[in-house]
Amino acid sequence: MTDDTTPFDATDLPGVVKRYLKAHNEHDLPAASAALTPDATVIDDGRTYEGIPAIERWLDRATSEYTYTTTFIGAEHDGPDHYTVIQRLEGDFPGGTVDLRYRFTLDQGLISRLTIAP
C-alpha cells in the first residue's frame, strides 16, 4: 500500500479551508457557514450534522462549551479536493490537550464534508 498524501505548510491550504478554520477559531458562525456547501456534512465526536442549520448549532455549541486554543501542527493534501489539517487543542475540556485531524472534502470551492477525529 502506498501513501498518496503530500505534507505541506498552512499557507498552501485552499483559501476556503483557511477561512473556515479562522472563522471557527474566532467563533464567527456566519463566516464559517459561508465556507460550506448548503448540504454539507460535519462529523465530530461520533455525531453527524447535515445541512447549514444543524452545523451552525454544532458550531455554536462547540465554540461556547469549552475555552481552548488551537495550534497548527501540519497539513496534508490527500488527493483531489481532499485535505487534512492537524491541530492541537489545549483547554478546559476533559483531558486538556488533544491533537485532532480535520479532514476536508471540497466541492466547487466550498467544504462539502468535514470529519474531525483524533
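A salt bridge is a side-chain nitrogen of Lys or Arg within 4 Å of a carboxyl oxygen of Asp or Glu. By this criterion, a search of the whole structure, which is a predicted model, finds three salt bridges.

The chain contains three helices and seven strands. Read from the N terminus, its elements follow the order β-α-α-β-β-α-β-β-β-β. The C-alpha trace spans about 40 × 30 × 25 Å along its principal axes. For a chain of 118 residues, a compact globule would have a radius of gyration near 13 Å, and the value of 14 Å found for the chain agrees with this expectation. Of the 118 residues, 42% are buried. The accessible surface of the chain amounts to about 6700 Å², and carbon and sulfur atoms account for 51% of this area. When contacts between residues at least 6 apart in sequence are considered, 41% of them join residues at least 24 apart.

Helix α1 comprises residues 15-25, and its buried residues are Val-16, Val-17, Tyr-20, Leu-21, Ala-23 and His-24. Viewed down the axis of α1, these buried residues fall within an arc of 165 degrees, and they therefore line one face of the helix. Just after α1, His-27 adopts a positive phi of about 60 degrees.

Strand β2, formed by residues 36-44, is mostly covered, with seven of its nine residues buried. This strand pairs with two others. With strand β7 (residues 110-117), β2 pairs in the parallel sense over five bridges; here Thr-41 stands opposite Arg-113 of β7. With strand β3 (residues 47-50), β2 pairs in the antiparallel sense over four bridges, and Val-42 has Tyr-49 of β3 as its bridge partner. The hairpin of β2 and β3 has two residues between the strands, and within this hairpin Asp-45 takes a positive phi near 55 degrees.

The salt bridges may now be considered in turn. Lys-22 forms a salt bridge with Glu-26, and the closest N and O atoms of this pair are 3.1 Å apart.

The remaining pair consists of Asp-99 and Arg-88, whose closest N and O atoms are 2.7 Å apart. Asp-99 is partly exposed, having a relative accessible area of 33%. Arg-88 also falls in the partly exposed class, with a relative accessible area of 30%.

Technical notes
Residues numbered from 1 in each chain as written. Predicted model: local features only at pLDDT ≥ 70, side-chain atom pairs only at ≥ 80, totals over all residues. Heavy atoms only, no water. Buried < 20%, exposed > 50% of the residue type's maximum accessible area, 1.4 Å probe, protein only. Pairing = 2+ DSSP bridges. Arc of directions from axis to C-beta. Rg over C-alpha atoms; globule rule 2.2 N^0.38 Å. Contact = heavy atoms within 4.5 Å. Areas by Shrake-Rupley, 256 points an atom, 1.4 Å probe, with all protein chains shown as cover.
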